[in-house]
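Here is a short tour of one protein chain. Look over the sequence and the model before reading on.

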Amino acid sequence: MSSQASTVAFIVEQMAAAGSISARPMFGEYGVYCDGKIVALICDDQLFVKPTKAGRAFIGTPEEAPPYPGAKPSFMISVDGLEDADWLAELIRLSADELPMPKPKKPKAK
């Protein structure tokens with residue numbers, strides 16, 4: 001089951017105060033980016049935030065689960081967390097600050 005576009009739009013809107021937020025289709029689900037860094041995945045209409053020390057400190061005791069079979073555990077955000085835009089934006093901002101920029105892609109060989 002893949003995520004609904006309306007769910008993705010709602011989640012992106014809720015975290016908009018964190019910075020430049022976008023969601024892109026990825027492997028049948030969605031990757032969520034903040035200021036060019038991938039910070040979360042939306043799988044089966046559920047938000048999974050990449051684990052960071054700052055995110056863990058902010059959440060306290062996060063619920064962790066893999067976003068898809070075989071994936072590393074991420075912070076699974078509850079419905080209450082999704083509905084609190086200020087809390088969610090702060091979590092995303094803290095997480096993005098700690099995550100590295102993606103490696104530049106090598107140019108394709110001619």
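β1 and β2 run antiparallel and are joined by six bridges. Helices (H or I, at least four residues) and strands (E, at least two) are DSSP runs, numbered from the N terminus. Two strands count as paired if DSSP finds at least two bridges between them. Ser22 stands opposite Tyr33 of β2. The hairpin of β1 and β2 has two residues between its strands, and Phe27 there takes a positive phi near 55 degrees.

This is a predicted model: local features need pLDDT of at least 70, side-chain atom pairs count only at pLDDT 80 or more, and totals for chains, interfaces and linings use all residues. Residues are numbered from 1 along each chain as its sequence is written, and side-chain values use heavy atoms, with hydrogens and water left out.

## Along the sheet

Next comes the pairing of β2 with β3. Five bridges hold these antiparallel strands together. Tyr33 faces Ile38 of β3. Tyr33 is also the residue that Ser22 stands opposite.

β3 and β4 are antiparallel too, with four bridges. Ala40 has Val49 in β4 as its bridge partner. The two strands form a hairpin with two residues between them. In that turn, Asp44 has a positive phi of about 50 degrees.

β4 also pairs with β6 (residues 74–76), in the antiparallel sense, over two bridges. Phe48 stands opposite Met76 in β6.

## The whole sheet

In what order do the six strands lie? The order is β1-β2-β3-β4-β6-β5, in an open sheet with antiparallel pairing. β1 (21–26) and β5 (64–65) are the edge strands, each pairing on one side only. Strands of a sheet pair through backbone hydrogen bonds, either parallel or antiparallel.

## Helices and overall fold

The chain has four helices and six strands. Read from the N terminus, its elements run α-β-β-β-β-α-β-β-α-α. The radius of gyration is 14 Å, close to the 13 Å that the globule rule gives for 110 residues, so the chain is as compact as a globular protein of that length. (The radius is taken over C-alpha atoms, and the rule is 2.2 Å times the number of residues to the power 0.38.) Along the principal axes, the C-alpha atoms fill a box of roughly 50 × 30 × 25 Å.

Helix α1 (residues 5–14) lies across β1, β2, β3 and β4 and runs at about 150 degrees to β1. Axes are lines fitted to C-alpha atoms, for helices over the stretch in contact, and angles run from 0 to 180 degrees between N-to-C directions. Leu94 sits in helix α4 (residues 85–98). Leu94 touches Ala54 and Phe58, leaving aside residues up to four places away in sequence; contact means heavy atoms within 4.5 Å. Leu94 and Gly36 are 58 residues apart in sequence and 14 Å apart in space, C-alpha to C-alpha.

## The largest pocket

The largest pocket has a volume of about 370 Å³. A pocket is an open set of points on a 1 Å grid over the protein atoms alone, where a 1.4 Å probe fits, with protein on both sides within 12 Å along at least five of seven lines. Grid points are joined across faces, edges and corners, and the volume is the space filled by probe spheres set on the points.

Which residues lie nearest the centre of this pocket? They are Leu41, Lys50, Pro67, Tyr68 and Ala71, out of 18 lining residues. Lining residues have an atom within 4 Å of a point. β2 (29–34), β3 (37–43) and β4 (46–49) each supply at least two residues of the lining. β3 gives the most, with four. By class, the lining has 14 nonpolar, one polar and three charged residues. Ala, Val, Leu, Ile, Met, Phe, Trp, Tyr, Cys and Pro count as nonpolar, Asp, Glu, Lys and Arg as charged, and the others, Gly among them, as polar.
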